[in-house]
Amino acid sequence: MAFEPPPRLVRALGETAPAGDDWLARLPGAAEQAVARRGLSVERVQVPGGRSSLVVLVRQPDGTPAVLKLAPPRARPESERAALRHWAGLGAVQLLEADGGDADGGVLLLERLHPDVSLRSLPEAKALLEAAGTLRRLWVEPPAGHVFETVAERTGRQALAMRAGAGSDAEAVPLVEAALAAREELLGGPPGQRLLHGTFRQSKVLAGERMPWLAVGPDPVVGECAFDLARLVRDRVEDLIAAPSGPAITRRRIKRLAESLEVDQERLRGWTLFRAVESGVRARRVGREKDAELLLEFASWLN
């Protein structure tokens with residue numbers, strides 16, 4: 001079959017592709033090779049799919065359903081593979097290959113979940129409860145001698161891009177300064193030492209057979225739990241912005257999540273501010289103006 005990358009993936013990777021990158025052009029051939037090497041039968045490419053990888057629904061030679069995922073180097077698939085190995089299926093999707101598919105670089109063979117059923121299908125309160133339970137299983141000690149990026153390292157790169165991206169933007173500059181100040185204060189204490197999902201949100205938790213809910217698509221990082229929880233705070237941000245009581249709902253959400261997962265509320269607020277501003281500035285830089293407006297308005301409630 002033709003492994004045509006979905007439009008959503010093409011758009012998203014086009015926003016971040018370095019000059020001369022030809023990963024998308026090589027993707028169909030790489031998918032064919034990965035399928036043939038494993039003796040898989042292909043059902044379909046998952047559409048709309050993700051923003052950083054091609055997801056193909058397949059069956060293994062014995063008929064067991066599985067997922068073949070192909071990601072470019074800038075999506076850090078090796079880091080994802082290492083985290084999934086360490087979690088070993090507890091709270092996260094299970095890696096099916098003992099060798100991790102190292103022969104083909106950014107290829108992962110994963111257990112099949114229900115790709116169209118995420119926590120976003122649940123009512124808000126139930127979704128947050130299930131999300132918290134999933135995070136409790138994921139937040140473990142990293143493996144000895146790990147090579148995962150730390151929160152300080154990742155946010156350091158992001159801070160440099162934020163300064164450059166804000167420029168003379170009258171709306172963004174004050175928020176960027178507040179976010180950078182929050183980061184400096186948050187990094188002033190002893191660093192956390194938990195393996196974090198890195199991009200955790202409701203849409204990253206899918207229904208499964210082995211367990212009711214399992215996380216997918218980590219961009220793992222080592223640090224304090226409040227950093228991981230911060231992305232969840234702004235889930236369904238478009239609904240928050242549309243609600244007249246959006247700021248109050250956000251404050252209650254921070255309080256509820258912090259208490260349920262034993263995270264300091266002020267640290268959670270600070271990381272939520274930083275991550276929302278970083279995402280907003282990045283969205284504006286690549287021309288996603290609607291997303292930028294939503295994120296920066298949300299961030300202004302936390303400043």
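## Surface and charge

Accessible areas here come from the Shrake-Rupley method with a 1.4 Å probe, and for residues only the protein chains shown count as cover. On that basis the protein, a predicted model, exposes about 13,800 Å², with carbon and sulfur atoms supplying 54% of it.

Let's turn to charge. Counting Lys and Arg as positive and Asp and Glu as negative, with His and the chain ends not counted, there are 42 positive and 41 negative side chains. The centres of the two sets lie 2 Å apart, each charge being placed at NZ of Lys, CZ of Arg, CG of Asp or CD of Glu.

## Overall dimensions

Along the principal axes, the C-alpha atoms fill a box of roughly 55 × 40 × 40 Å.

## Cores

Of the 303 residues, 51% count as buried, meaning under 20% relative accessible area (1.4 Å probe, protein chains only). A nonpolar core is a set of buried Ala, Val, Leu, Ile, Met, Phe, Trp, Tyr and Cys residues joined through side-chain atoms within 4.5 Å. The largest one has 74 residues, among which Leu229, Leu268 and Val277 touch the most other members. Helix α6 (residues 172–186) gives the most to this core, with eight residues.

Leaving aside residues up to four places away in sequence, Val277 touches Met162, Leu175, Val176, Ala179, Leu296 and Ala299 (contact means heavy atoms within 4.5 Å). A second, separate core of 18 residues includes Ala31, Val58, Val107 and Leu109.

## Reading notes

Residues are numbered from 1 along each chain as its sequence is written, and side-chain values use heavy atoms, with hydrogens and water left out. In this predicted model, local features need pLDDT of at least 70 and side-chain atom pairs count only at pLDDT 80 or more, while totals for chains, interfaces and linings use all residues.

Key. Buried < 20%, exposed > 50% of the residue type's maximum accessible area, 1.4 Å probe, protein only. Helix = DSSP H or I, 4+ residues; strand = E, 2+ residues; numbered from the N terminus.
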